[in-house]
Structure formats: C-alpha cells, structure tokens
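User: I would like to learn how to read strand pairing and charged contacts in a protein model. Could we go through one structure together, feature by feature?

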Amino acid sequence: MSTIESPVPVLQVEDVARSIDWYASAFGFEADPFPDEPPYSFAILRRDCAEIMLQCNESAVGDKQHAGWSVYLRMAGGQLLEFAEAVRKHTELVREPERMFYGQVEFEVVDPDGHVICVAEPLSEDAEVPRARER
C-alpha cells in the first residue's frame, strides 16, 4: 500500500502573482507558477520541506472572514522568534509570539486574501515569550 507523505494546503486566491510576491517576501517561499507567464492560474510554493498551493479563484475570495487558520506552519531549529522579526519587516503580525498551553510558541499573519497563517515551534522554557491567555 502507498503511504501519504504530507498534506498540502490549497489556498483559493484572487491574484496568484500577488500571493506569490507576498509569500516570497514574508516567508521566503519560492514559486513554480503555471502558466509560465502571467496571469497565473496556479502556483506551488516551496520552502524547505513545506509546500503550499495557490489556485486562482476570484469568486471564492471576496469579503469572507476566516474564523481560524488556513495554514499551520511547523518550524524546527529554535529560530522562531528571529523568524517572526524577519516576517514583521514584510507584513503585520496579527498575533505576537506567545507560548500556548500545549507547548508551542506561535504567531499569526494574514495573507492578502485573508488566509490566517499560524507559524509555530516548541521553544525551550527559557525563551522569553509571554504565555497566552486562556481563550
């Protein structure tokens, strides 16, 4: 029987080129768009072992509000706080890094189409990160 390697989120976006630019500047993703020249209808974004797919769907975006996360990016290597500062140079952090009761330190950003991206990593207890308030 075949094994599933990893799930890949597919985000419905209004403008694939705009989203490619945002994910490249905010997170350092590299893109493989289709077709080769704009306007793009699809793209696969890659960084390290992570992939996100973007699919043009102008009618699916609009004014909808996302109640939760669209993408949860798990990091490793102990550099989450430094990464949050690098991301902050390109986009607003809508939730600052905070330690969750389940052990992860997380921060959140929102992409141009309103998708909430949560970035997380378990950091040692000596990392100076405020604890999240219970929700």
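Analyst: Let us begin with a term: a salt bridge is a side-chain nitrogen of Lys or Arg within 4 Å of a carboxyl oxygen of Asp or Glu. Please keep in mind that this is a predicted model. By that criterion the side chains of Glu108 and Arg95 meet in a salt bridge, with a distance of 3.0 Å from N to O. The pair links distant parts of the chain, since Glu108 belongs to strand S7 and Arg95 to strand S6, 13 residues apart.

User: Is Arg95 buried or exposed?

Analyst: The general idea is a cut-off, with buried meaning under 20% relative accessible area. Arg95 has a relative accessible area of 9% and is therefore buried, and Glu108, at 13% relative accessibility, counts as buried too. Salt bridges that share partners join Arg95, Glu98, Glu106 and Glu108 into one network.

User: How many salt bridges does the structure hold, and which residue pairs with Arg46?

Analyst: The structure holds 10 salt bridges. Arg46 forms one with Glu51, where the closest N and O atoms are 3.0 Å apart. For these two residues the accessibility class is read with both limits in hand, as partly exposed covers the range between buried, under 20%, and exposed, over 50%. Arg46 therefore counts as partly exposed at 35% relative accessibility, and Glu51, with a relative accessible area of 30%, is partly exposed as well.

User: Turning to the strands, what holds a sheet together in general, and in what order do S5, S6, S7 and S8 lie?

Analyst: Strands of a sheet pair through backbone hydrogen bonds, either parallel or antiparallel. In this structure, four strands form an open sheet in the order S5-S8-S7-S6, with mixed pairing. Its edge strands are S5 and S6, each of which pairs on one side only. Neighbouring strands of this sheet are turned by 20° against each other on average, with direction ignored.

User: Where in that sheet does the parallel pairing occur, and which strands run antiparallel?

Analyst: The parallel case is S5 with S8, which pair over five bridges, and within it Leu73 stands opposite Val119 in S8. Six bridges join S7 to strand S8 (residues 116-121), and these two run antiparallel; here the bridge partner of Glu106 in S8 is Ala120.

Analyst: S6 and S7 form a hairpin with five residues between them, and Gly103 in the turn has a positive phi of about 100°. S7 and S8 likewise form a hairpin, with five residues between them, and in that turn Gly114 has a positive phi of about 90°. Strand S7 (residues 105-110) is mostly covered, with five of its six residues buried.

User: What is the strand order in the sheet that contains S1?

Analyst: Four strands form an open sheet in the order S1-S4-S3-S2, and the pairing is mixed. The edge strands are S1 (10-13) and S2 (30-34), each pairing on one side only, and the twist averages 20° from one strand to the next. S2 and strand S3 (residues 42-47) pair in the antiparallel sense over five bridges, and the bridge partner of Ala31 in S3 is Leu45.

User: Which residues make the nonpolar surface patch, and how many disulfides are there?

Analyst: Trp69, Phe101 and Tyr102 make a nonpolar surface patch of about 420 Å². Trp69 lies in strand S5 (residues 69-74) and is partly exposed, with a relative accessible area of 43%. As for disulfides, the structure holds zero. Of the cysteines, Cys56 counts as partly exposed at 30% relative accessibility, whereas Cys118 counts as buried at 0%.

Notes. Residues are numbered from 1 along each chain as its sequence is written. This is a predicted model: local features need pLDDT of at least 70, side-chain atom pairs count only at pLDDT 80 or more; totals for chains, interfaces and linings use all residues. Side-chain values use heavy atoms; hydrogens and water are left out. Buried means under 20% relative accessible area, exposed over 50%, partly exposed in between (1.4 Å probe, protein chains only). Two strands pair if DSSP finds at least two bridges between them. A disulfide is a pair of cysteine sulfur atoms within 2.5 Å. Patches are made of residues with over 30% relative accessible area and no salt bridge: like charges are joined within 9 Å, nonpolar side chains (Val, Leu, Ile, Met, Phe, Trp, Tyr) within 5 Å. Accessible areas come from the Shrake-Rupley method with a 1.4 Å probe; for residues, only the protein chains shown count as cover. Axes are lines fitted to C-alpha atoms, for helices over the stretch in contact, and angles run from 0 to 180 degrees between N-to-C directions.
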